[in-house]
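Q: Could you walk me through this one before I start on my own notes? I'd like to take the fold and then the ligand site.

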Amino acid sequence: MDLGYILEIQQNIHPTVILEIGPARGNNFEFYPSNCRVIALDYNSYFEKYFRENKSKFPNILCEDFVNGRAEDMREIEDNSVDVVVATYVLCSVKDRYKTLREIQRVLKKGGTYYFMEHVGYPHTSSWHIFLFAIQLLLQPFWYAFLGGCHCHRQSWSYIEKAGFHTLDLNYEYPNEMVFIARAHIWGTATTHQSDDCNHKK
Ligand SMILES: C[S@@+](CC[C@H](N)C(=O)[O-])C[C@H]1O[C@@H](n2cnc3c(N)ncnc32)[C@H](O)[C@@H]1O
């Protein structure tokens, strides 16, 4: 699964400024509309060189900034400054999902949209899924060690649900092409409130 999968369904994206958190090598560039401005924020500066190489294949997109920072404290990004936040396969590895989602709401403009796609722990919707979740828990230490701090068992949808977005379109999917331990997926969009009164600010 990739971001294009969401955008095929959410056809109405016309952002001007996109903040992508954890872009790594910039695999999502191909899905961005022409003439948008992309700010990339990743704590791992190792990816910057590869990100810039990949970016050069998309001259229609303006990307001046590769910010070396953490999603939990995006002090480099101003309040109410971006139309869209994209984060794919990021909540599985951030240290603090609660702070990350607060920061996403802070930097989004009023009515701005957060696009997400994450592999998650199996929801407890059937005894088979509970069994698979138990396997995820067992394998988690190895997964974490081999995949540089990634968690296979995080049920991150509950953090998104509780984050206080104005609207939330949350979908579950189990793509067969993914290994079973990372097959449970969530994807969708959340929008911030139109007025300051309701937004969760620092
Ligand atoms: C699994 S990769 C996903 C890469 C890309 N988004 C994709 O969908 O292919 C996770 C990315 O999130 C970044 N990341 C992890 N924790 C982060 C944090 N706390 N703040 C910023 N970036 C983080 C990693 O450096 C990496 O680039």
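What follows is a short exchange about the chain, some of its elements and the ligand shell.

Q: What kind of model is it, and how many helices and strands does the protein chain have?
A: It is a predicted model, and the protein chain has five helices and seven strands. Read along the sequence, these elements follow the pattern α-β-β-α-β-β-α-β-α-α-β-β.

Q: How compact is the protein chain?
A: Its radius of gyration is 17 Å, close to the 17 Å that the globule rule gives for 202 residues, so the chain is as compact as a globular protein of that length. Along the principal axes, the C-alpha atoms fill a box of roughly 45 × 40 × 30 Å.

Q: And what share of the residues is buried?
A: Buried residues account for 33% of the 202 in the protein chain. As for contacts between residues at least 6 apart in sequence, 68% of them join residues at least 24 apart.

Q: Let's go to β1, then: is that strand mostly covered or mostly open?
A: Mostly covered, since four of the five residues of β1 are buried.

Q: Which strands does β1 pair with?
A: β1 runs parallel to strand β2 (residues 37-42), to which five bridges join it, and β1 also pairs with β4 in the parallel sense, over three bridges. Ile18 shows up in both pairings, with Val38 as its bridge partner in β2 and Val84 opposite it in β4.

Q: Switching to α3, which of its residues are buried?
A: In helix α3 (residues 97-107) the buried residues are Arg97, Thr100, Leu101, Glu103, Ile104, Gln105 and Val107.

Q: Last topic, the ligand: which residues come nearest?
A: There are 19 residues around the ligand, and of these Gly22, Ala24, Asn44, Ala71 and Thr88 come nearest.

Q: How does that shell divide into nonpolar, polar and charged?
A: The residues of the shell around the ligand comprise ten nonpolar, five polar and four charged ones.

Methods. Residues numbered from 1 in each chain as written. Predicted model: local features only at pLDDT ≥ 70, side-chain atom pairs only at ≥ 80, totals over all residues. Near = placed C-beta within 6 Å. Nonpolar A, V, L, I, M, F, W, Y, C, P; charged D, E, K, R; others polar. Buried ≥ 20, exposed ≤ 12 C-beta atoms within 10 Å, placed from the backbone. Helix = DSSP H or I, 4+ residues; strand = E, 2+ residues; numbered from the N terminus. Rg over C-alpha atoms; globule rule 2.2 N^0.38 Å. Contact = placed C-beta atoms within 7 Å. Pairing = 2+ DSSP bridges.
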